[in-house]
Amino acid sequence: GQIISQVRMKQGYVSGGENATVRIRVAGEQAWLTIKSTTQGIRRLEFEYTIPTTDAEQMLMALAKQPFIDKTRYKIRQGSHVWELDVFEGENQGLVMAELELESEDERFETPPWAGEEVSGDPRYYNSSLAKRPYSSWAG
């Protein structure tokens, strides 16, 4: 595939309630506050708001559960789709995850030769889970 873009991201979770998670994300020079509902099948409600980067950095350090997520996201064109490839650092170093957003659940797509195991249904790989139980803490 062809790399279209790359950006360093830091994100953390302020609270994880029964119905939703609250995420702070800094990507390059931009920052967002995101509220996501708990997963309902393959779909979730999501509300996202732009916030000042300085506020987001402060929230990550003072309010977010530690360690926060640190990763570089690459957008890669593969056939007619664009994949997001996250290469994790810090406590989750060694983990690389690819994600593809489809128009519908039954849409066909070409699986890249570099793609590994399908982990969509495994909650250990959710970023909110990786913030609580980092990849480095998993036993072989």
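Accessible areas in these legends come from the Shrake-Rupley method with a 1.4 Å probe, and for residues only the protein chains shown count as cover. The model is predicted, so that local features need pLDDT of at least 70 and side-chain atom pairs count only at pLDDT 80 or more, whereas totals for chains, interfaces and linings use all residues. Residues are numbered from 1 along each chain as its sequence is written, and side-chain values use heavy atoms, with hydrogens and water left out.

View 1. The accessible surface of the chain comes to about 9,100 Å², and carbon and sulfur atoms contribute 49% of it. Two helices and seven strands form the secondary structure, where helices (H or I, at least four residues) and strands (E, at least two) are DSSP runs numbered from the N terminus. Read from the N terminus, these elements follow the order β-β-β-β-α-β-β-β-α. The chain has a radius of gyration of 15 Å, close to the 14 Å that the globule rule gives for 140 residues, so it is as compact as a globular protein of that length; the radius is taken over C-alpha atoms, and the rule is 2.2 Å times the number of residues to the power 0.38. Along the principal axes, the C-alpha atoms fill a box of roughly 40 × 35 × 30 Å. Of the 140 residues, 32% are buried, a class that means under 20% relative accessible area, with exposed meaning over 50% and partly exposed lying in between (1.4 Å probe, protein chains only). Among contacts (heavy atoms within 4.5 Å) with a separation of 6 or more, 45% are between residues 24 or more positions apart. The 16 positive and 21 negative charges have mean positions 3 Å apart; Lys and Arg count as positive and Asp and Glu as negative, while His and the chain ends are not counted, and the place of a charge is taken as NZ of Lys, CZ of Arg, CG of Asp or CD of Glu.

View 2. Strand E2 (residues 20-27) and strand E3 (residues 30-37) run antiparallel and are joined by eight bridges, where two strands pair if DSSP finds at least two bridges between them. Val 26 has Ala 31 in E3 as its bridge partner. Two residues lie between the strands of this hairpin, in which Gly 28 takes a positive phi near 65°.

View 3. Gln 66 and Pro 67 are joined by a cis peptide bond, with omega at about 0°. Pro 67 belongs to the loop between helix H1 (53-62) and strand E5 (69-78).

**View 4. Leu 85 in strand E6.** Leu 85 lies in strand E6 (residues 81-88) and counts as buried, at 15% relative accessibility. Leaving out residues up to four places away in sequence, Leu 85 touches Thr 72, Arg 73, Tyr 74, Ile 76, Val 96, Met 97, Ala 98 and Trp 114. The C-alpha atoms of Leu 85 and Gln 6 are 9.2 Å apart in space, although the two residues are 79 apart in sequence.

**View 5. Val 96 and Met 97 in strand E7.** Met 97 is placed in strand E7 (residues 96-99), and Val 96 lies in strand E7 as well. Val 96 is partly exposed, with a relative accessible area of 47%, whereas Met 97 is buried at 16%. Beyond residues up to four places away in sequence, Val 96 touches Leu 85, Asp 86 and Val 87. With neighbours within four places likewise left aside, the contacts of Met 97 include Glu 84, Phe 88, Val 119, Tyr 125, Asn 127 and Leu 130. From C-alpha to C-alpha, Val 96 is 9.2 Å from Lys 71, a residue 25 positions away in sequence, and Met 97 is 9.7 Å from Glu 118, with 21 residues separating them in sequence.

**View 6. Trp 138 after helix H2.** Trp 138 is found in the segment that follows helix H2 (127-132) and, at 15% relative accessibility, counts as buried. Apart from residues up to four places away in sequence, Trp 138 touches Arg 124, Tyr 125, Leu 130 and Arg 133. Arg 124 is 14 residues from Trp 138 along the chain, and their C-alpha atoms are separated by 9.8 Å.
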